[in-house]
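Subject: Structure handover

Hello,

Here is the structure for your files.

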Amino acid sequence: MTSLSGRVAVVTGASRGIGKGIALALGDSGATVYVTGRTATVGEHDLPGTIGETAAEITRRGGTGIAAKVDHADDNQVSALFDQVRIEHGRLDILVNNAFALPDDLTDPKPFWDKPISNWEMVDVGVRSNFTAARLAAQIMVPQGSGLIVATSGYVGVTYTYGVVFGLAKTAVDRMARDMAIELQPHNVASLSLWQGLTMTERAQHNLTARPEMTQSLVTNPAVGCSPEFPGRVIAALATDPAVMDLTGGTFITAELAYRYGITDIDGRTIPSLRAERGSPIWQPLTEASHGR
């Protein structure tokens, strides 16, 4: 029996990218994984990947993949997703809030006043949809007295990266995970956020090919990057850690948790923490808070 056999997970924004990698890693551990995203048909998006392809690969690896077409900007579609989970399985063990609206001009070196107002979609999808999904997940997890909610974030939470709205969205995600943890703690449901550095997603590889000068920057240097499955390996370890509630409320650098759990990337590499170069998380676990909660 694999470590997550019998566990049910929802990974949002998993047609491709980090979400896909996380979903595959959870599938490797035997979980049933609901794969959400907007891309259901090959060719719908400029980049490769569909929810069906991700779900099929999860099943091939020994888990159970379930494709769920969801636009996380539409509350009704999100609500229907969690109704489906409740009806089909009656429980939810893991929610990974990863859905995000990355604009095509994210890495363009323009100031915020020269970028379109539509970039605010990063908040609408990257923050509001996180709250919506977490709210609905909590309505399943709290009655069962267990669960793990993880938000994907990054060093951008404290260090300028790419632009104003991107930093705002990720900082908000960290704080939201913290405050959710305070309210979920009495119900044995953990909430935390994970900081990723460069992750070699389809989009990242495209950007590095189009703008090779980016490889000279610490932020986008492939030498310190990881595969999209790396954070999923860490989340699988968190989900099976009997002391995970000791971590609730914290923001963690994925690479540091990986070291703690003895996890390497899919190629065996140890991914470095960039704490010294890019900054430290603001929020410590509730058990370690020195003031307030």
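Which residues touch the most other members of the largest nonpolar core? They are Leu 26 and Leu 238, in a core of 44 residues. A nonpolar core here is a set of buried Ala, Val, Leu, Ile, Met, Phe, Trp, Tyr and Cys residues joined through side-chain atoms within 4.5 Å. Buried means under 20% relative accessible area, exposed means over 50%, and partly exposed is in between, with a 1.4 Å probe and protein chains only.

Before the rest, the conventions. This is a predicted model, in which local features need pLDDT of at least 70 and side-chain atom pairs count only at pLDDT 80 or more, while totals for chains, interfaces and linings use all residues. Residues are numbered from 1 along each chain as its sequence is written, and side-chain values use heavy atoms, with hydrogens and water left out.

Helices (H or I, at least four residues) and strands (E, at least two) are DSSP runs, numbered from the N terminus. Leaving out residues up to four places away in sequence, Leu 238 touches Leu 148, Leu 192, Leu 194, Val 244, Leu 247, Leu 257 and Tyr 261; a contact means heavy atoms within 4.5 Å. There is also a second, separate core of 35 residues, with Val 78, Phe 82, Met 122 and Leu 136 among them.

Cavities

A search of the whole structure gives two cavities of 30 Å³ or more. A cavity is a set of points, on a 1 Å grid over the protein atoms alone, where a 1.4 Å probe fits but cannot get out; lining residues have an atom within 4 Å of a point. Grid points are joined across faces, edges and corners, and a volume is the space filled by probe spheres set on the points.

The largest cavity holds about 90 Å³ of space. It has 14 lining residues, and those closest to its centre are Gln 196, Gly 197, Ala 255, Ile 271 and Pro 272. Strand S6 (189-196) and helix H8 (254-261) each supply at least two residues of this lining. By class, the lining has 11 nonpolar, three polar and no charged residues. In this classification Ala, Val, Leu, Ile, Met, Phe, Trp, Tyr, Cys and Pro are nonpolar, Asp, Glu, Lys and Arg are charged, and the others, Gly among them, are polar.

The second largest cavity has about 50 Å³ of space. Its lining includes Asn 97, Asn 130, Phe 131, Ile 149 and Ser 191. Helix H5 provides the largest share of that lining, four residues. The classes are seven nonpolar, three polar and no charged.

Asn 130

One of the lining residues of the second largest cavity, Asn 130, sits in helix H4 (residues 121-144). Asn 130 is buried, at a relative accessible area of 4%. Its contacts, not counting residues up to four places away in sequence, are Asn 97, Ala 99, Val 125, Ala 151, Val 173 and Met 176. Asn 98 is 32 residues from Asn 130 in sequence, and their C-alpha atoms are 7.8 Å apart.

Backbone

Two residues to check by eye follow. Tyr 162 is not a glycine, yet has a positive phi of about 75 degrees. Tyr 162 lies in the loop between S5 and H5 and is partly exposed at 24% relative accessibility. Asn 188 also has a positive phi, near 65 degrees. Asn 188 is in the loop between H5 and S6 and is partly exposed, with a relative accessible area of 40%.

Regards

Note on methods:
1 Å grid on protein atoms, 1.4 Å probe; cavity = no way out; pocket = protein on both sides within 12 Å on 5 of 7 lines; lining within 4 Å.
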